[in-house]
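Please report on the local features of the structure shown here.

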Amino acid sequence: MAPPPPEFELDSSLGDDLARVAQQLSAAGHVVALTGAGLSVESGIPPFRGPGGLWTKYGEPPMDGYRRFLEDPAAAWRERLSPRAEWALALRDTLAAAEPNAGHRALAEFERIGLLGCVITQNIDDLHAQAGSSNLLEIHGNHRLLRCLECVRRFEPDAIAIDPDDLPPRCPDCGGPVKGDTVQFGEPIPPDVLRRCYAEVERSDCMLVIGTSATVYPAADFPMEVLRRGGCVIEINPTDTDFTASATESLRGPAGALLSRLLDLSKSEAGAAA
Ligand SMILES: [Zn+2]
């Protein structure tokens with residue numbers, strides 16, 4: 001998939017909307033960004049479903065991945081170590097080639113200058129971390145990492161010795177079975193991440209919803225909770241979504257271009273206030 005042109009011309013009618021949103025961001029006490037697959041499309045990662053989607057092209061993966069892991073963790077590990085399914089190979093190659101885009105970089109910079117408290121992402125692609133976001137909650141896990149199913153500790157891949165004759169690998173802390181950190185179909189969201197998400201959302205008076213229609217639990221709860229508590233929610237998506245009617249503001253266009261522009265405006269806003 002070709003990335004969008006980097007010099008995307010924003011619709012000039014967006015100018016007032018962007019200025020207003022930049023003011024809202026600067027005035028907010030605790031901004032949280034919620035991101036989804038749409039943000040990473042600009043890094044060349046296709047969505048799973050819909051035109052050009054990985055699963056549209058290669059067929060849907062098994063919808064009971066977690067149950068299959070629990071039933072036969074060794075077999076699941078063998079498939080992880082040498083994937084055979086076409087969709088799994090395509091996903092592995094796509095993730096390996098992807099790099100953070102202007103949207104990921106802008107969010108990391110928003111955090112660095114103190115205008116963004118936290119990123120909650122549904123993406124597993126590691127691109128927020130690579131861009132430099134540090135208070136990052138990956139509700140569906142991170143494809144690079146491993147996680148103990150008992151104590152939920154995460155591990156870098158090289159921190160766990162993997163013996164192909166003795167699978168699954170075991171947690172060095174508690175002895176629990178270790179699996180990939182990516183949350184599979186049928187697998188509960190790890191409770192530690194979920195708790196931290198709700199703690200961030202409870203503090204938040206302004207949420208950016210980027211590249212997601214936020215219709216799937218638990219992400220769907222987060223913006224609605226911010227609205228219930230009187231905060232504002234700013235949606236950044238290329239087209240209308242099911243969430244649009246609820247959003248306080250909606251910006252239409254590619255996230256990379258819109259967030260870069262918002263960052264510039266917010267910096268001048270902060271400069272003017274200083
Ligand atoms: Zn453990």
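Thr121 is buried, with a relative accessible area of 1%. Buried means under 20% relative accessible area, exposed means over 50%, and partly exposed lies in between (1.4 Å probe, protein chains only). Thr121 sits in strand S2, residues 118-121. Strands (E, at least two residues) and helices (H or I, at least four) are DSSP runs, numbered from the N terminus. The side chain of Thr121 has a polar atom 2.9 Å from the backbone nitrogen of Asn123. A polar contact is a pair of N or O atoms within 3.5 Å; within protein, one must be able to donate a hydrogen and the other to accept it, and residues adjacent in sequence count only if both atoms are side-chain atoms. Leaving out residues up to four places away in sequence, Thr121 touches Thr35, His128, Leu136, Leu137, Glu138, Ile139 and His140. Contact here means heavy atoms within 4.5 Å.

This is a predicted model: local features need pLDDT of at least 70, side-chain atom pairs count only at pLDDT 80 or more, and totals for chains, interfaces and linings use all residues. Residues are numbered from 1 along each chain as its sequence is written, and side-chain values use heavy atoms, with hydrogens and water left out.

Next, the metal. The zinc ion is coordinated by the SG atoms of Cys148, Cys151, Cys171 and Cys174, at 2.2 to 2.3 Å. Donors are N, O and S atoms within 2.8 Å of the metal (3.2 Å for Na, K and Ca); water is not among the atoms, so sites may look incomplete. The donor residues follow the spacing C-x2-C-x19-C-x2-C in sequence. Angles among the four donor atoms run from 96 to 118 degrees, and the site is tetrahedral. The ideal angle for four tetrahedral donors is 109.5 degrees.

How exposed are individual residues? The table lists relative accessible areas.

| Residue | Relative accessible area | Class |
|---|---|---|
| Cys171 | 4% | buried |
| Cys174 | 41% | partly exposed |
| Ala97 | 59% | exposed |
| Asp126 | 7% | buried |
| Ala214 | 6% | buried |

Now the sheet. Three strands form an open sheet in the order S5-S4-S6, with antiparallel pairing. Strand S5 (154-155) and strand S6 (178-180) stand at the edges, each with a single partner strand, so one side of each has no neighbour in the sheet. Strand S4 (residues 146-148) is joined to S5 by two bridges, and the two run antiparallel. Two strands pair if DSSP finds at least two bridges between them. Leu146 stands opposite Phe155 in S5.

Two cis peptide bonds deserve a look. The bond from Leu167 to Pro168 is cis, with omega near 0 degrees. Pro168 lies in the loop between S5 and S6. The bond from Tyr217 to Pro218 is cis too, with omega near 0 degrees. Pro218 is in the loop between strand S7 (206-210) and helix H10 (221-228).

Which residues have positive phi without being glycine? Asp126 has a phi of about 75 degrees. Asp126 lies in the loop between S2 and helix H8 (127-131). Ala214 has a phi near 45 degrees. Ala214 is in the loop between S7 and H10.

One distance remains. Ala97 belongs to helix H6, residues 86-97. Ala97 and Ala214 are 117 residues apart in sequence and 26 Å apart in space, C-alpha to C-alpha.

Technical notes: Tetrahedral: all angles 85-135°; square planar, octahedral: opposite > 155°, others 65-115°.
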